[in-house]
Amino acid sequence: MPATSTKTSDELPDMPEPRVREFPAHSIGGGLALLLGLLGVGCAVALLATGATLSSPGPKVTLIVAGIVIAIAACFAMCGLNMVAPGEARVVQLFGRYRGTIRTDGLRWVNPLTSRVKISTRVRNHETAVLKVNDAYGNPIELAAVVVWNVKDTAQALFEVDDFLEFVSTQTEAAVRHIAIEYPYDAHDEDGLSLRGNAEEITEKLAVELHARVEAAGVHIIESRFTHLAYAPEIASAMLQRQQAGAVVAARRQIVDGAVGMVEAALVRIQEQDIVELDAERKAAMVSNLMVVLCGDRAAQPVLNTGTLYQ
């Protein structure tokens, strides 16, 4: 998900400021350059053919030399042609100095003395392996994440880090591990964030931390999600029992709350309609019987009292 969260800057990694940023390289349409290059080659071939037919040594040598020079110049000039496909860019360098980036697709021409490095700007997926870490409570858990990203600044991707693909992979794993140890798998208190119970908030924090980690490499995080989240096998059964116990307690609490409300409503209705007069002891007995019937796991067995409550 997009990196928009309220996580403070003190909690984010402090990456160095980029020394170079992308700017457009000076280039022209390659169609005209290709046409001029082909005309130069044709002119060179014509000069060589004409010089070969001459018998006079002076003009013959002159035409042949001119044809060779023009052919070399035309071929050298056509070395500046670049075919840029959609979703690609060319980072241009002149004697090691960054001279801009070509993002316009099609046939483009730049200075033939420059070197051009191809970088893909398409959207990519990176899925981490299943990582085994300890959560905030020290419980071993397994988790994996997938990150959707693309190169936003080609100059930073090429010059600020050694290998931006490996950099994204390593920083993604580091961010996933940091998020995992910062929050528990299941929070003991209701107000606390947990990896399982607050997936949206946690993935948002993951996206923010990833953005801070890879921004120096000119990479833009589009979305990040957890693809695997579970307790480690050695404690999975124990944690499952704990979850089941918590579910049973919660269900019992809800049953008791409902039973108390029903008993209270029954006593109020009996008193309002004056069905029978109940003293404190009879009310206690009625409450006890109703709670047993309403909260019991099995069906109640009726017992007929032929005497009185006080005998």
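Which residue in E5 does Leu81 stand opposite? Trp109.

Some ground rules. This is a predicted model, where local features need pLDDT of at least 70, side-chain atom pairs count only at pLDDT 80 or more, and totals for chains, interfaces and linings use all residues. Residues are numbered from 1 along each chain as its sequence is written, and side-chain values use heavy atoms, without hydrogens or water. Helices (H or I, at least four residues) and strands (E, at least two) are DSSP runs, numbered from the N terminus. Two strands pair if DSSP finds at least two bridges between them.

Now the open sheet. Three strands, antiparallel pairing, order E1-E5-E2. E1 (28–29) and E2 (81–84) stand at the edges with a single partner strand each, so one side of each has no neighbour in the sheet. E2 and E5 (residues 106–109) run antiparallel, joined by four bridges.

Next, the helix. H1, residues 30–53, lies across E1, E2 and E5. H1 runs at about 65 degrees to E5. Contact here means heavy atoms within 4.5 Å. Axes are lines fitted to C-alpha atoms, for helices over the stretch in contact; angles run from 0 to 180 degrees between N-to-C directions.

On to E3, residues 88–94. Six of its seven residues are buried, meaning under 20% relative accessible area with a 1.4 Å probe, protein chains only. E3 has antiparallel bridges to E6, residues 115–120: six of them. Ala89 stands opposite Ile119 there. With E4, residues 97–102, E3 pairs over five bridges, also antiparallel. Arg90 faces Ile102 in that strand.

Last, the turn. E3 and E4 form a hairpin with two residues between them. Phe95 sits in that turn, with a positive phi of about 55 degrees.

Conventions. Buried means under 20% relative accessible area, exposed over 50%, partly exposed in between (1.4 Å probe, protein chains only).
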